[in-house]
Amino acid sequence: MIKKPIYYAILSFSALIGIVASVLRLVAIKSNSGGPSIELYSVDRNLTTDFVDYFYIFCLVFIVVAALFCRGVVCGKKATFSQLSSRISFAFLSLMSAGVAIWYIVAEFTRGNVGYENADYYFMFNYSYGDVSDKSFLFMAVIACLILSSAYFAFAAFDGFNKKPFLFSVASFAPVAFAALKLVQDFLLQNRLMAWGYAYNYHLLSYAFLLLLFVNETRFSAKQTNTALYVLFGLCAAVTLLVFAVPTVVLSLAWLETPDHNFVFCLLDILMAIYIFVRLFTFKLNGKVKA
């Protein structure tokens, strides 16, 4: 039998190794920069970056083992959505999601005439060169789903799960659609247009895990939650979000670079990682958990 303190220790250690992995990647990026400029997305592979990769693999192995131990966790649906800490995290995530969407909408009309070589493909229309309308429409869908996700998180913050369960169940698919479309958008950019370095795979992995987490979260409404899968995808998503987002935000702020699309989304990613840990910590557990 696994007691509650062990479950909380697993979550705490996962948060710790996520932070350590993000710091290691930050050091690897800075140590591989040959000059004052920082290569956030295209660092060359060497022993330092390989060590980060190995440590990240260790993190995933630990999470898989931890999820197997947590498969007997008993969680109450009401506690998961209605506790004060969860509702506060929902509120912050709603505000941040709306803020990111507004940032892009404002940027769309204030960026001026951006050339093809400088455009980062995170605008909705009016490209200066090239036929990329299919990508722009996709990003429009990403922003639309982000706005819907903001509404869903706000609904959850006001206890929508208990007030209108059917509407809440339908609304819970908004984050699923956002994560799926964002993953497709960034996969196309990585493999067809921008060709960022291998480290950008951390970002793609984080949204793949995030998508699986949100899919499992929709199952709360149907009372079919698989706790082991929820813990597995939640911790994998949170750790991977931190590994990519924290170095990007810290190095961008330290070198006072102009915030780009990755910087803005990375702020949201960090908050999503915090949200995941809050949700996992606020499970309603029995005194003992079956292993």
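Reply: Let's start with Asp-186, which is buried, its relative accessible area being 1% (buried means under 20% relative accessible area, exposed over 50% and partly exposed in between, using a 1.4 Å probe and protein chains only). Before going on, a word about what you're looking at. This is a predicted model, in which local features need pLDDT of at least 70 and side-chain atom pairs count only at pLDDT 80 or more, while totals for chains, interfaces and linings use all residues. Residues are numbered from 1 along each chain as its sequence is written, and side-chain values use heavy atoms, with hydrogens and water left out.

Back to Asp-186. Its side chain meets that of Lys-182 in a salt bridge, 2.5 Å from N to O. The term stands for a side-chain nitrogen of Lys or Arg within 4 Å of a carboxyl oxygen of Asp or Glu. Both Asp-186 and Lys-182 sit in helix H8 (residues 173–193), 4 residues apart, which is about one turn of the helix. Lys-182 is buried too, because its relative accessibility is 0%.

How many salt bridges does that rule give in total? The count is 2. The other pair to look at is Glu-217 with Arg-279, where the closest N and O atoms are 2.7 Å apart. This pair links distant parts of the chain, 62 residues apart: Glu-217 is in helix H9 (residues 200–218) and Arg-279 is in helix H11 (residues 261–281). Here, too, both partners are tucked away: Glu-217 counts as buried at 3% relative accessibility, and Arg-279 is buried at 1%.

Now for the wider picture. The protein has 11 helices and 2 strands; these elements are DSSP runs numbered from the N terminus, helices being H or I with at least four residues and strands E with at least two. Going from the N terminus, the order is β-α-α-α-α-α-α-α-α-α-α-α-β. Of its 291 residues, 52% count as buried. Among contacts with a separation of 6 or more, 76% are between residues 24 or more positions apart (contact means heavy atoms within 4.5 Å).

Two packed helices are described by the angle between their axes and the distance between the axes. The axes are lines fitted to C-alpha atoms, for helices over the stretch in contact, and the angles run from 0 to 180 degrees between N-to-C directions. Helix H1 (residues 4–31) packs against H2 (residues 47–69) at about 165°, with the axes 9 Å apart. That makes H1 roughly antiparallel to H2. On this scale, angles under 35 degrees are roughly parallel, over 145 roughly antiparallel, 65 to 115 roughly perpendicular, and the rest oblique. Residues where they meet include Ile-10, Phe-13 and Ile-17 in H1 and Phe-51, Phe-55 and Phe-58 in H2. The contact of H1 with H2 divides into 15 nonpolar, 4 polar and 1 charged residues. Here Ala, Val, Leu, Ile, Met, Phe, Trp, Tyr, Cys and Pro count as nonpolar, Asp, Glu, Lys and Arg as charged, and the others, Gly among them, as polar.

H2 also packs with helix H10 (residues 227–254), at about 160° and with the axes 8 Å apart. H2 and H10 are therefore roughly antiparallel, and their crossing is right-handed. Tyr-56, Cys-59 and Leu-60 of H2 are among the residues making this contact, as are Val-231, Leu-232 and Leu-235 of H10. The residues of this contact divide into 13 nonpolar, 1 polar and no charged.

Then comes H9, the helix that holds Glu-217. The axes of H2 and H9 come within 14 Å and cross at roughly 15°, so the two are roughly parallel. Their crossing is left-handed. Val-52, Asp-53 and Tyr-56 in H2 meet Tyr-202, Leu-205 and Phe-209 in H9, which by class gives 5 nonpolar, no polar and 1 charged residues.

Thr-282 lies in the loop between H11 and strand S2 (288–289), and it counts as buried at 7% relative accessibility. The C-alpha atoms of Thr-282 and Ser-85 are separated by 7.6 Å, although the two residues are 197 residues apart along the chain.

Note on methods. A crossing is left-handed if the near helix is turned anticlockwise from the far one by less than a right angle, and right-handed if clockwise.
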